[in-house]
Amino acid sequence: MNPLAQDAEAAKSVLKTMWMIRRFEEAVEDLYGRGMMHGTMHLSIGQEAVPTGACLALNKDDYITSTHRGHGHCIAKGADIERMMAELLAKESGYCRGRGGSMHIADTTTGNLGANGIVAGGVPIATGAALSAHMRGTKQVAVCFHGDGAMGEGAWHEGVVLAAMWQLPVVFLCENNHYGMSMASEKAFNLEKLSDRAKGYGIPGVTVDGNDVQAVRDAVQEAVDRARSGGGPTFIEALTYRWRGHSKSDKNLYRTREEIEEWRTHDPIPAFEARVLQAGTLTETDLEEIRNQVRDELRSAVQRANAAPDATADGLLEAVYAS
Amino acid sequence: MVDEVVEGTETKVMTYAEAIRDALRVAIAEDDRVFMMGEDVGIYGGAFGVTGELINEVGTERLRDTTISELGIVGAGVGAAITGMRPIVELQFSDFSAQAMDQIANQAAKIHFMLGGAVNVPLVIRAPGGSGTGAAAQHSQSLETWFVHIPGLKVVMPATPDDAKGLLLAALDDPNPVVVLEHKLLYKTSGDVRVGDARTPLGVAAIRREGKDLTIVATGVMVSRAMEAAEQLAAAGVDATVIDPRTLKPLDSKTILASVTATGRVLLVQEAAGTLGFMSEVAAIIAESETFAHLRAPVRRLSGLDIPIPYAPKLERAAVPQVEDIVAAATALVTEW
Ligand SMILES: Cc1ncc(C[n+]2csc(CCOP(=O)(O)OP(=O)(O)O)c2C)c(N)n1
Ligand SMILES: [Mg+2]
């Protein structure tokens, strides 16, 4: 397989996804700041290469489980940005009809089993989806996105233990953005690399540069291939960084401005653009065109989402149980 | 007893969050055994700003940041409590008590009994509950019934800054596990708070307002909504008593029954979903008592809908009682009966 930066179609798709995640979240931040959005927001700006690279290794019917910081996973797996935006804007046309909001967006048509408000909540669920794929004999794989902080939860341990015992087709993909809220992952865990933990669970573990979309794709591809061919689960640690605060209540007291600035110089998007230019795969004009296309698509999605009718309280009582 | 803060005691205006911090400050200073642990309680200052800059005063030994491990946090609290410490554990949202439930329900609540009284579990579990912040279904529940239903736990729901401090200090004195359910919408509200070492005894209800036409019993954020409703009712000629039980377990049913006996009408208001909510218990206590003979109207409950809390602001509002709902329910009770 050609490196992504040397294949024009692949490079375009990578850039389109990464820019869409970035611009989507900037738009969310802006709408939130203007009081047009409710609740709280967890932005993944700076981390775009992880979901983008990971989802390149997946088929449409493969599963993902996502987190509270899930916009990127959702977009990379192929969700409709207008319906995502409509959900955040509390519209009836949103993915969850305004009932779930940012932390609960799911798009089952693209295999996204849902964001999650509960840290590590998706870990055993990914194991269960992989169990189901195995029992149904479908060859589907599940990728479980989770944060570094999630590795402090009992649910993480139990989900991985079951997957290892049954050698299920699941990839545990840790987005190590160095903090679980204010807790530095290096303080939280007495490990040099979080992937050192994999050995204790009897599964392969690897650490990659999470801001390098190629490295993420390659590691996930290898894990997915192994899972699909019956080789069981893999743990991948993707090192990245959250540029924004944890959520809107974050005053960033637990880290320095210098640290944030330093990480901003490792922006995954221009890094990949530079590689594409260097390889001569696309021109600066092509890159500009991709950025403009993303901007236009997003702008019109926001406009359409915003113009849609608000979510209605009618039928809430009937919404609880399936019939 | 209408006025909480006794005349002549020295008070200071504080927010509910500041009042809790003040209680922590007092308790940590006066008792070497007291410490608190939880997620982001240190330099971050707590997800809702409760600890603020307390870390600079008390240090990392007494105010401990943990990993994201609710079961571990509560369990470590239990272990410390049965070996001579006075731990307070903070759950960032009361919803995450689900993660910690084994340690709360099977361990903390039962150890004293199971061991024939040989050991006490003086553990305080603080956790914010309630809706109104757009945090949706997994971050907005009102779960008091879970805890009230488990023998061995005491449960308090402070509704004012003074009680947020006073009940926390009283909970720390208690030799049993006490679950303190705070409310997210109250953290920024302010009021007079007694300075220094001021306790609000467990098991004593507060009569927030006295009136002859009906009794409104309300918990948590519903107390202030009931008070606001009572003002509007008064303007319309309906005179309501408002009772805040403060401690759900053990419940001061005497105060509630005496008031309902006098007014003959009762409206029970809770944010939690109605089915088997705490107010069902209050209704049953009234029905089983002498007071039943004095009722002039059926007992009414006003509760959250039996649904998970939705995200959209209008939907979220529709899911739990608002001031106008309380006014309407109270008016109906008084005019129809
Ligand atoms: C069970 C549970 N505990 C605590 C929280 C509050 N919380 C939400 S996100 C978060 C930090 C998660 O850190 P990490 O897993 O590293 O993900 P990141 O936010 O860095 O993407 C915390 C403590 C929660 N939502 N669920
Ligand atoms: Mg993290």
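Q: Where does Gly237(B) lie?
A: Gly237(B) is in the loop between helix H8 (222-235) and strand E11 of chain B. Helices and strands here are DSSP runs numbered from the N terminus, with at least four residues of H or I for a helix and at least two of E for a strand. Keep in mind that this is a predicted model, where local features need pLDDT of at least 70 and side-chain atom pairs count only at pLDDT 80 or more, while totals for chains, interfaces and linings use all residues. Residues are numbered from 1 along each chain as its sequence is written, and chains are lettered from A and ligands numbered from 1 in the order in which they are written.

Q: Is Gly237(B) buried or exposed?
A: Gly237(B) counts as exposed, because it has 8 C-beta neighbours inside 10 Å. The rule is that 20 or more other C-beta atoms within 10 Å of a residue's own make it buried, 12 or fewer make it exposed, and anything in between is partly exposed, with C-beta atoms placed from the backbone.

Q: And how far is Gly237(B) from Asp213(B)?
A: Their C-alpha atoms are separated by 9.5 Å, and the two residues are 24 residues apart along the chain.

Q: Which residues does Ala164(B) touch?
A: Leaving out residues up to four places away in sequence, Ala164(B) touches Tyr16(B), Ala19(B), Ile20(B), Pro158(B) and Glu182(B). Contact means that the C-beta atoms of two residues, placed from the backbone, lie within 7 Å.

Q: Which residues of helix H9 in chain B are buried?
A: In H9(B), residues 253-263, the buried ones are Ile256(B), Leu257(B), Ser259(B), Val260(B) and Thr263(B). They sit on the same side of H9(B), because they cover an arc of only 165° around the axis. That arc is taken from the directions from the helix axis to the C-beta atoms.

Q: Why would residues a few places apart point the same way?
A: An α-helix has 3.6 residues a turn, so residues three or four places apart point the same way.

Q: What covers the buried residues of H9(B)?
A: The cover includes strands E10 (214-218), E11 (240-244) and E13 (266-273), along with helix H10 (278-287), of chain B.

Q: How do H4(A) and H12(A) pack?
A: H4(A), residues 81-88, and H12(A), residues 284-307, pack at an angle of about 45° with their axes 8 Å apart. That makes H4(A) oblique to H12(A). Axes are lines fitted to C-alpha atoms, for helices over the stretch in contact, and angles run from 0 to 180 degrees between N-to-C directions. Under 35 degrees counts as roughly parallel, over 145 as roughly antiparallel, 65 to 115 as roughly perpendicular, and the rest as oblique.

Q: Which residues meet there?
A: Ile81(A), Glu82(A), Met85(A) and Ala86(A) from H4(A) meet Leu298(A), Ala301(A), Val302(A), Arg304(A) and Ala305(A) from H12(A). They divide into seven nonpolar, no polar and two charged. Ala, Val, Leu, Ile, Met, Phe, Trp, Tyr, Cys and Pro count as nonpolar, Asp, Glu, Lys and Arg as charged, and the others, Gly among them, as polar.

Q: Last one: how many residues of chain A are in contact with chain B?
A: 33 residues of chain A are in contact with 27 residues of chain B. The chain A side divides into 16 nonpolar, 14 polar and three charged.
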